[in-house]
Amino acid sequence: GRGAILQALSPLEEIIGGSGAMYVMGKLPDGVDDLELARSLVKEFGVAVIPGSFCGFPGWIRVCYANLPPEQCLQAADRLAEGIRSLASQKS
């Protein structure tokens with residue numbers, strides 16, 4: 001699951017999260033509201049992330065990959081990737 005999530009977040013400028021962690025964080029492009037993006041990802045792509053501002057990292061998103069069976073994690077990663085690509089195309 002972790003590899004699929006990292007791949008989904010790869011268009012973002014920076015990704016952090018140790019190999020022992022059950023989550024990773026991705027830095028959003030400047031001007032993107034993390035809470036609004038999190039809402040959009042749920043509403044439009046059916047995937048939930050935690051806005052970074054909820055855990056001291058405004059402008060980032062936190063993605064947990066440990067709570068899903070592997071197949072569901074891969075499906076969620078696909079939806080997350082689609083949402084990130086959509087974000088990237090809107091910022092272009």
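Predicted model: local features only at pLDDT ≥ 70, side-chain atom pairs only at ≥ 80, totals over all residues.

Reader: What makes Cys-73 buried or exposed?

Author: Relative accessible area decides (1.4 Å probe, protein chains only): buried is under 20%, exposed is over 50%, and partly exposed is in between. Cys-73 has 2%, so Cys-73 is buried. Cys-55 has 29%, so Cys-55 is partly exposed.

Reader: What makes the pair Asp-30 and Lys-27 a salt bridge?

Author: The rule asks for a side-chain nitrogen of Lys or Arg within 4 Å of a carboxyl oxygen of Asp or Glu. The closest N and O atoms of Asp-30 and Lys-27 are 3.5 Å apart, and the pair counts as a salt bridge. Asp-30 is exposed at 64% relative accessibility. Lys-27 counts as buried at 19%.

Reader: How many salt bridges are there by this rule?

Author: The count is two. Glu-36 and Arg-39 form one of them, with their closest N and O atoms 3.0 Å apart. These residues are three apart in helix H2, so about one helical turn separates them. Glu-36 is partly exposed, with a relative accessible area of 45%.

Reader: Which residues does Lys-27 touch?

Author: Contact means heavy atoms within 4.5 Å. Leaving out residues up to four places away in sequence, Lys-27 touches Leu-12, Glu-13, Glu-14, Gly-59 and Trp-60. Lys-27 lies in strand S2. Its bridge partner in S4 is Trp-60.

Reader: What makes S2 and S4 a pair?

Author: Strands are DSSP runs of E with at least two residues; helices are runs of H or I with at least four; both are numbered from the N terminus. Two strands pair if DSSP finds at least two bridges between them. S2 (residues 23-27) and S4 have five bridges, in the antiparallel sense. Strand S3 (residues 50-51) and S4 have two bridges and run antiparallel. Pro-51 has Ile-61 as its bridge partner in S4.

Reader: In what order do the strands form the sheet?

Author: Four strands form an open sheet in the order S1-S2-S4-S3, with antiparallel pairing. Strand S1 (15-16) and S3 stand at the edges with a single partner strand each, so one side of each has no neighbour in the sheet.

Reader: What makes the largest nonpolar core a core?

Author: A nonpolar core is a set of buried Ala, Val, Leu, Ile, Met, Phe, Trp, Tyr and Cys residues joined through side-chain atoms within 4.5 Å. The largest such set has 23 residues; Ile-5, Leu-9, Ile-61, Val-63 and Leu-80 have the most contacts inside it. Helix H1 (2-9), helix H2 (34-45), strand S4 (60-64) and helix H3 (70-91) each supply at least two of its residues. H3 gives the most, with seven. Ile-61, not counting residues up to four places away in sequence, has contacts that include Leu-9, Val-24, Leu-37 and Ile-84.

Reader: How do you know that the buried residues of H1 line one face?

Author: The buried residues of H1 are Ile-5, Ala-8 and Leu-9. Seen down the axis of H1, they fall within an arc of 95°, so they line one face of the helix. That arc is taken over the directions from the helix axis to the C-beta atoms.

Reader: And in H2, why is Ser-40 called partly exposed?

Author: Ser-40 is in helix H2. Its relative accessible area is 21%, so Ser-40 is partly exposed.

Note on methods: Residues numbered from 1 in each chain as written. Heavy atoms only, no water.
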